Each structure stands twice: as structure tokens, then as C-alpha cells.
Amino acid sequence: AEVTVMQQSMEKIRQKSNVKETDDFAEATQDLNVIVEDNGKGITGSLHTGFRLFDDHYLLRPCTLTIIAAFTSVGKSSLAQNIVMNIARHGVPSVYYSLEMSRKELASRGISRDAELTASAIVNKALTDEQLQKLDGAINKNMGLPIYYDDRSTVDFDRTIRSIRQMVKTKGVRLAVIDYLQVYAQQMDDSEKSLSYMARMAKNVAKELGIVVIVISQLNRSGLHPTINMLRGSGQIEESADNVILIDRPEAYPDNKVTKYEGEFKDASVRGTAKFILAKGRGVGVGSQLVAFDGKHTQFTEITVNEAGNYDEQNDALPF
């Protein structure tokens with residue numbers, strides 16, 4: 001009987017060893033040829049965000065993890081929500097996990113500009129008939145966008161990963177946003193180890209499912225302008241990420257008396273603007289982009305920059 005059990009165990013091991021776990025070079029190049037052919041037909045896997053820094057570098061490619069990081073109250077969640085709205089208008093399904101904002105707050109930010117109302121007014125104020133009419137128009141304009149929200153405050157990170165797998169399977173989701181790492185880490189005993197674990201898991205699920213994952217992260221405010229070494233809590237966040245986007249918006253901290261950006265766009269005013277910094281781009285390099293920030297509607301948008309590098313200010317954008 002013992003021999004039979006041993007033989008059965010050996011057979012199971014043999015069967016497992018026969019499972020194909022690797023692909024040869026020819027198979028890899030076949031996959032590559034499919035991608036090249038699709039690109040030639042205008043079928044690209046990279047998601048279109050409407051922001052040049054993201055789109056020109058093809059940052060939101062399948063299987064990638066992108067970190068969006070900034071100091072507190074600079075607009076990390078706003079940028080993520082802007083991206084979700086932009087790709088949804090191209091018919092791409094996404095899911096947004098937030099432990100800080102409710103789904104109604106996220107939705108109000110998404111439609112505030114179309115409604116010509118602040119997100120706060122939409123959620124908290126009694127609206128006039130004219131404002132209600134504009135709000136209805138904005139809702140109808142965006143009705144049916146393939147965006148899904150999960151705002152359960154008691155959620156844990158492993159459940160979020162399981163949910164992403166389910167959303168890809170049932171809704172065809174191609175982008176998952178996790179907002180944000182340090183809030184999840186507060187629910188765990190060892191913050192640094194948990195941040196490392198979550199960053200690795202976020203990258204693994206992106207690769208496993210062939211989707212894009214965006215994770216929002218805080219920066220330690222140890223200087224006037226953000227740098228990649230300010231990522232809060234763990235070096236594993238940077239190591240796991242394919243891309244790290246930093247948002248520099250000095251206007252959010254008027255007490256600093258900062259009126260200019262560092263490096264590129266140093267001649268541009270910080271008023272009504274922000275600087276996206278691609279601090280890490282696996283296989284694509286680094287770069288930066290000046291954008292407008294409309295604090296009233298919590299919206300980042302493309303702007304034109306003249307030859308002198310000055311922002312052509314077209315509206316009175318205020319910080320939120």
C-alpha cells in the first residue's frame with residue numbers, strides 16, 4: 001500500500017512537471033508580431049488619457065503599474081478621476097477603488113465641469129432651477145460611461161485584488177485605480193512591509209490579467225518640489241512600478257512662496273498650472289509636461305505654452 005501511495009505521488013509530480021510553464025523565443029515573437037500588426041491598423045493596447053506625457057510615452061500599456069504620487073491636497077485623486085473619465089469616453093471600462101471618497105463625490109467631480117458647478121455645490125447645496133438643468137445635462141451627457149466605483153471603507157487590499165480579477169472577468173475592465181496605498185497600510189500591523197506587499201501585488205495582478213493598474217501614493221513633504229525619493233513608506237513602491245508620475249503644484253501650498261517650477265518650465269507661472277513629472281518610465285525614459293489646473297472643477301487639462309515658456313492663461317483657475 002505504501003508503494004502504491006508513493007507511486008501515485010510520483011505520478012502527480014511527473015504530471016505537474018509536464019505542465020508548460022515557459023515559452024520559447026519563436027512563440028514570443030509571434031505574440032510580438034500580433035502587436036505590431038495591430039499597431040499598424042491603429043489598434044493599440046495603450047490607453048488614451050488625453051494628456052501628452054502619458055500618451056506620447058504609451059505609459060498606460062497592458063500589464064503595467066503606474067504610480068501617481070504627490071504631496072497632500074495637490075490633486076492625485078483628481079488626476080486619476082480625469083484619466084478614468086477620459087478613457088471611458090473612448091469606451092474603455094475601468095474600476096476605481098477609493099477608501100477616502102464616496103462614489104457620489106467621485107461622480108460629482110467627474111461631471112462638475114460639464115455641469116459648470118463645483119463638486120461641493122453638487123453634493124451639498126440646494127441648486128437653482130438653472131443649475132439643476134445644467135446638472136441634468138451633464139449627467140445625461142455622461143450616462144452610460146463604463147466606470148465602476150468601490151468605496152467600501154472597510155475593504156482590505158487582498159479583497160481589492162480579488163475584486164479586480166472579478167471585474168476584469170465580468171465587466172471587461174482594462175484599468176483599475178487604487179486610491180490610495182497608505183490608507184490601506186493603516187489597516188495593517190507593519191506599514192512598510194504592507195506597502196511593499198501591496199505594490200508587488202498591484203504589479204502582479206496587472207501582469208496576470210493584462211490590464212493597467214494605477215496606484216495613488218503619498219509623498220513625504222521634505223522639500224518644496226516633489227522627487228521620487230519622497231515616496232512614502234517603501235522603496236518597493238518605486239521598484240514594482242513601471243511608471244512613476246509626480247504632480248508638482250506649488251499653488252496648493254501658498255505659504256511656501258514658490259512662484260516658479262524647478263528645471264523645465266521654470267519660466268511658467270505656478271498660478272492655475274501644474275507640472276507632471278515622469279520620474280520613472282520603464283523602457284520609455286523620463287520627461288515632464290505643464291498642464292492647467294482648474295481648482296473650481298478639480299480638473300487637469302492640456303494647455304498651450306508659448307515660445308517663452310509662459311502659460312497662456314485662458315481662465316481664472318483657483319486651487320481647491
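At roughly what angle do the axes of α5 and helix α7 cross? In this predicted model, the axes of α5 and helix α7 (residues 129-142) cross at roughly 120° and come within 8 Å. Angles of 65 to 115 degrees count as roughly perpendicular and those over 145 as roughly antiparallel, and α5 and α7 are therefore oblique to each other. The crossing in which α5 passes α7 is right-handed. On the side of α5, the contact is made by Ile111, Asp114 and Ala115, which meet Lys134, Leu135, Ala138, Ile139, Lys141 and Asn142 in α7. Sorted by kind, the residues of this contact of α5 with α7 are five nonpolar, one polar and three charged.

The sheet is the next topic. Nine strands form an open sheet with mixed pairing, in the order β3-β2-β4-β5-β1-β6-β7-β8-β9. The strands β3 and β9 are its edges, since each pairs on one side only. Direction ignored, neighbouring strands of this sheet are turned against each other by 25° on average. Helix α5 (residues 103-115) packs on the sheet, where the helix touches β2, β3, β8 and β9, and the direction of α5 makes about 40° with that of β9.

Within the sheet, strand β1 and strand β6 pair in the parallel sense over four bridges, and isoleucine 68 has isoleucine 245 in β6 as its bridge partner. Strands of a sheet pair through backbone hydrogen bonds, either parallel or antiparallel.

| Strand | Residues |
|---|---|
| β1 | residues 64-70 |
| β3 | residues 147-150 |
| β6 | residues 243-248 |
| β9 | residues 299-301 |

Technical notes. Residues numbered from 1 in each chain as written. Predicted model: local features only at pLDDT ≥ 70, side-chain atom pairs only at ≥ 80, totals over all residues. Heavy atoms only, no water. Pairing = 2+ DSSP bridges. Helix = DSSP H or I, 4+ residues; strand = E, 2+ residues; numbered from the N terminus. Axes fitted to C-alpha atoms, helices over the stretch in contact; angles between N-to-C directions. Contact = heavy atoms within 4.5 Å. Parallel < 35°, antiparallel > 145°, perpendicular 65-115°, else oblique. Left-handed = near helix turned anticlockwise from the far one by under 90°. Nonpolar A, V, L, I, M, F, W, Y, C, P; charged D, E, K, R; others polar.
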